[in-house]
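The following note sets out points on the structure shown below.

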Amino acid sequence: MKQEEKKISRGYDNELRMEFDAVSCNESFARMAVSAFIAPLNPTMEEMADVKTAVSEAVTNAIIHGYGNVQGYIPGHMQCPREISVGKVRMYCRIEGDVLAVEIEDDGQGIDNVEQALEPLFTTKPELERSGMGFAFMEAFMDDLQILSAPGRGCKIVMEKKLGSMPWLEEDE
Amino acid sequence: MEADFQVIDNYLMVKMPAEIDHHQSGAISRKADSFLLRDSIQGIVFDFEDTKFMDSSGVGIIMGRYKKISCLGGRIFAIHADRQIRRILYISGLSKIVEIME
């Protein structure tokens, strides 16, 4: 009970859970949702941009590499590319105190070799001009990155970042 | 907002859109390549004035164009890149092949 009170007094705890189709138009939707979700924590512009980039990378990975939906596609606005594989990306965000945790999960083809995937410039899709910088950006822009994946069993990215790292701006309690 | 393309004195000016992600990167690359084939392009200038967001898909666009133009002796420039886009260019190592200008 005491612990609970303490948690609440630390301020802002919140959760967000959503699921969307694995198509490219949802990449901007996902990062907008996260940036709106963390806005009450007053992150700096740089922190906001970091989180958006990391989320965009993770969601794009799920769509392109997890489900193989390599074409840009807006339902109803464009001709449907020949092969769109139906799949969902799940995103879960949690704010605890001043730490944001983001989980992005898909049920796609998974990663054969996580260590190799983490190497900057390594990509399995060079023909699509993927730069191979996705995981490098996630690592650079977030404080913590974990990749849980096995071939054929989807992929789950867990990232954490401390926000509002400007204590001199905090109000006295 | 879509990317805007102009050829000025054999330089291809690409005005990048507000958000650069995988969703639009393919279209930008294809359009830029059609100019590279048609005109004798000596360099590409990516203008990030309106760009508020870019992820690794933007890095892919620039890298891909560099591979095509560098064997013809062409160069790549980036202008109006804000702090975040500069960070991305530096972290990805693109700053070594792209001339970042004010």
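1. A crossing is called left-handed if the near helix is turned anticlockwise from the far one by less than a right angle, and right-handed if it is turned clockwise. Helices (H or I, at least four residues) and strands (E, at least two) are DSSP runs, numbered from the N terminus. On these terms, H3(A) and H3(B) make a right-handed crossing.

2. The model is predicted: local features need pLDDT of at least 70, side-chain atom pairs count only at pLDDT 80 or more, and totals for chains, interfaces and linings use all residues. Residues are numbered from 1 along each chain as its sequence is written, chains are lettered from A and ligands numbered from 1 in the order in which they are written, and side-chain values use heavy atoms, with hydrogens and water left out.

3. The axes of H3(A) and H3(B) come within 10 Å and cross at roughly 50°; axes are lines fitted to C-alpha atoms, for helices over the stretch in contact, and angles run from 0 to 180 degrees between N-to-C directions. H3(A) is therefore oblique to H3(B), given that angles under 35 degrees count as roughly parallel, over 145 as roughly antiparallel, 65 to 115 as roughly perpendicular and the rest as oblique. Contact (heavy atoms within 4.5 Å) is made by Glu46(A), Ala49(A), Asp50(A) and Thr53(A) of H3(A) and by Arg83(B), Gln84(B), Arg87(B) and Ile88(B) of H3(B). By class, the contact of H3(A) with H3(B) has two nonpolar, two polar and four charged residues. Here Ala, Val, Leu, Ile, Met, Phe, Trp, Tyr, Cys and Pro count as nonpolar, Asp, Glu, Lys and Arg as charged, and the others, Gly among them, as polar.

4. Which salt bridge does Arg83(B) form? Its partner is Glu46(A), with the closest N and O atoms 2.3 Å apart; a salt bridge is a side-chain nitrogen of Lys or Arg within 4 Å of a carboxyl oxygen of Asp or Glu. Arg83(B) lies in helix H3 (residues 83–91) of chain B and Glu46(A) in helix H3 (residues 45–66) of chain A, so the pair joins two chains. Arg83(B) is exposed at 59% relative accessibility, whereas Glu46(A) is partly exposed at 29%. The terms are set by relative accessible area: buried means under 20%, exposed over 50%, and partly exposed in between (1.4 Å probe, protein chains only).

5. Within chain A, Arg90(A) and Glu105(A) form a salt bridge in which the closest N and O atoms are 3.6 Å apart. Because Arg90(A) lies in strand E2 of chain A and Glu105(A) in strand E3 (residues 99–106), the pair ties together parts that are 15 residues apart in sequence. Both ends are partly exposed, Arg90(A) at 24% and Glu105(A) at 27%. Salt bridges that share partners also join Glu46(A), Asp50(A), Lys161(A), Arg83(B) and Arg87(B) into one network.

6. A further salt bridge brings together the side chains of Asp21(A) and Lys88(A), at 2.5 Å from N to O. This pair links distant parts of the chain, with Asp21(A) in strand E1 (residues 14–21) and Lys88(A) in strand E2 (residues 88–96), 67 residues apart. Asp21(A) is partly exposed at 36% relative accessibility, and Lys88(A) is partly exposed at 34%. Over all chains the count comes to 19 salt bridges.

7. Helix H2 (residues 25–38) of chain A also packs against H3(A): the axes come within 9 Å and cross at roughly 145°, and the crossing is right-handed. Residues in this contact include Ala30(A), Val34(A) and Ile38(A) of H2(A), and Val51(A), Val55(A) and Val59(A) of H3(A). By class, the contact of H2(A) with H3(A) has eight nonpolar, three polar and three charged residues.

8. Phe29(A) lies in helix H2 of chain A and is partly exposed at 43% relative accessibility. Leaving aside residues up to four places away in sequence, Phe29(A) touches Met18(A) and Phe20(A).

9. Two backbone angles deserve a look. Most residues other than glycine have a negative phi. Asn42(A), in the loop between H2 and H3 of chain A, has a positive phi near 50° and is exposed at 62%. Asn10(B) has a positive phi near 65° and lies in the loop between strand E1 (4–8) and strand E2 (11–15) of chain B.

10. Chain B has three helices and seven strands, running β-β-β-α-β-β-α-β-α-β from the N terminus on. Of its 102 residues, 52% are buried.
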